[in-house]
Amino acid sequence: MNSERRRRFDEDGYLVLPGFKPAHEVAALRHRTHELLAALDPHAGGGVFSTREPGRSADDWFLDSDCSVRCFFEEEAFDAQGRLTRPLPQAINKIGHALHDLDPVFDAFSHGPALTALAAELGLAQTQVWQSMLICKQPGIGGAVRWHQDATYFFTDPISVTTFWFALEDADVDNGCLWVEPGGHRGPLRERFVREGRQTRLLTLDDTPWPDTGRSTPLPCAAGTLVVFHGLLPHWSAANRSGRSRFAYTLHVTDARSVYDGRNWIQRGAMLPVRGLDGAVAPSGIAVAVDRTGAG
Ligand code: FE2
């Protein structure tokens, strides 16, 4: 137990751990990502995923990515005539959301004793990995991600979701690094993203404003760095208007001792059971619906 790290996590809501992943693992994940992007078929379907327009995410392409591997276009991927504005691989916003279960290279990167030990240090005793995303932030087109809290998408009682954000390339303010509100995890959960059949909705739970830009801190970091943060920590990232991509990979992890809400958009069952950071099937993949929001 590294009590100083735990103390900082509890106080700030995040930790920045340079060099958490060795260079060869980072290179392997980047290489696999380029393979996936190169294999894209422009006629196989796709969708533009916008975090600013939650109504759009209700489409089948998004919903059925919960237990598969799918690519999502950037908002600016197409011109007014519907033509791609750049080569297909550079028009992709992200790949999600079950890479950690379905792709062997991502599986290897996403599980293991180092991650399990860190999670335990942060209080996650029985991990469940619900989602993975490879976020491309391609040069010149990578879109902004507005202020949000990841517990919006992975509600448990009590809140347990923790995000593991791996820099696969150097990230800085010019190519869209993370920005956070230090200590902001002690504030309320503002929103919930819920699934209702084939629809999704973004519910407002608390109208506490998002922080001023002056209260947010950029987290520039080198490839191989892990930023791990609390599910209530407000964070955002700017558009990438630089000439460099900013590949990052994220895992969203809860503790099976909390109750995973049945209205969360990702559910798992016997076909693809939720697993822990150790790679084993987690103790409880059964979702129980608990509505403590009073909304919806
Ligand atoms: Fe997030």
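Cys71 stands opposite Ile95 in strand E4. This is a predicted model, in which local features need pLDDT of at least 70, side-chain atom pairs count only at pLDDT 80 or more, and totals for chains, interfaces and linings use all residues. Residues are numbered from 1 along each chain as its sequence is written, and side-chain values use heavy atoms, with hydrogens and water left out. Helices (H or I, at least four residues) and strands (E, at least two) are DSSP runs, numbered from the N terminus. The points below cover strand pairing and then salt bridges.

**Strands E3 and E4**

- E3 and E4 run antiparallel and are joined by five bridges; two strands count as paired if DSSP finds at least two bridges between them.
- Four of the five residues of E3 are buried, so the strand is mostly covered (buried means under 20% relative accessible area, exposed over 50%, and partly exposed in between, with a 1.4 Å probe and protein chains only).

**The four-stranded sheet**

- Strands of a sheet pair through backbone hydrogen bonds, either parallel or antiparallel.
- Four strands form an open sheet in the order E6-E14-E9-E12, and their pairing is antiparallel.
- Strand E6 (145-148) and strand E12 (217-218) are at the edges and have a single partner strand each, so one side of each is left without a neighbour in the sheet.
- Two bridges hold the antiparallel pairing of E6 with strand E14 (residues 235-237).
- His148 has His235 in E14 as its bridge partner.

- Strand E10 (residues 191-196) pairs with strand E11 (residues 199-204) in the antiparallel sense, over six bridges.
- Within this pairing, Phe193 is found opposite Leu202 in E11.
- Two residues lie between the strands of the hairpin, and Gly197 takes a positive phi near 65 degrees there.

- The whole structure contains 23 salt bridges, each defined as a side-chain nitrogen of Lys or Arg within 4 Å of a carboxyl oxygen of Asp or Glu.
- One of them joins the side chains of Glu11 and Arg7, at 3.0 Å from N to O.
- Both residues, Glu11 and Arg7, belong to helix H1 (residues 3-12) and are four residues apart, about one turn of the helix.
- Glu11 has a relative accessible area of 43% and is partly exposed, and Arg7, at 40% relative accessibility, also counts as partly exposed.
- A network of salt bridges links Glu4, Arg7, Arg8 and Glu11.

**Salt bridges between distant parts of the chain**

- Arg241 and Glu76 form a salt bridge in which the closest N and O atoms are 3.1 Å apart.
- This pair links distant parts of the chain, 165 residues apart: Arg241 is in the loop between E14 and strand E15 (248-255), and Glu76 is in the loop between strand E3 (69-73) and strand E4 (92-97).
- Arg241 counts as exposed at 51% relative accessibility, whereas Glu76 counts as partly exposed at 40%.
- Arg275 and Asp107 meet through their side chains in a salt bridge of 3.2 Å, N to O.
- Arg275 counts as buried at 15% relative accessibility, while Asp107 is partly exposed, with a relative accessible area of 22%.
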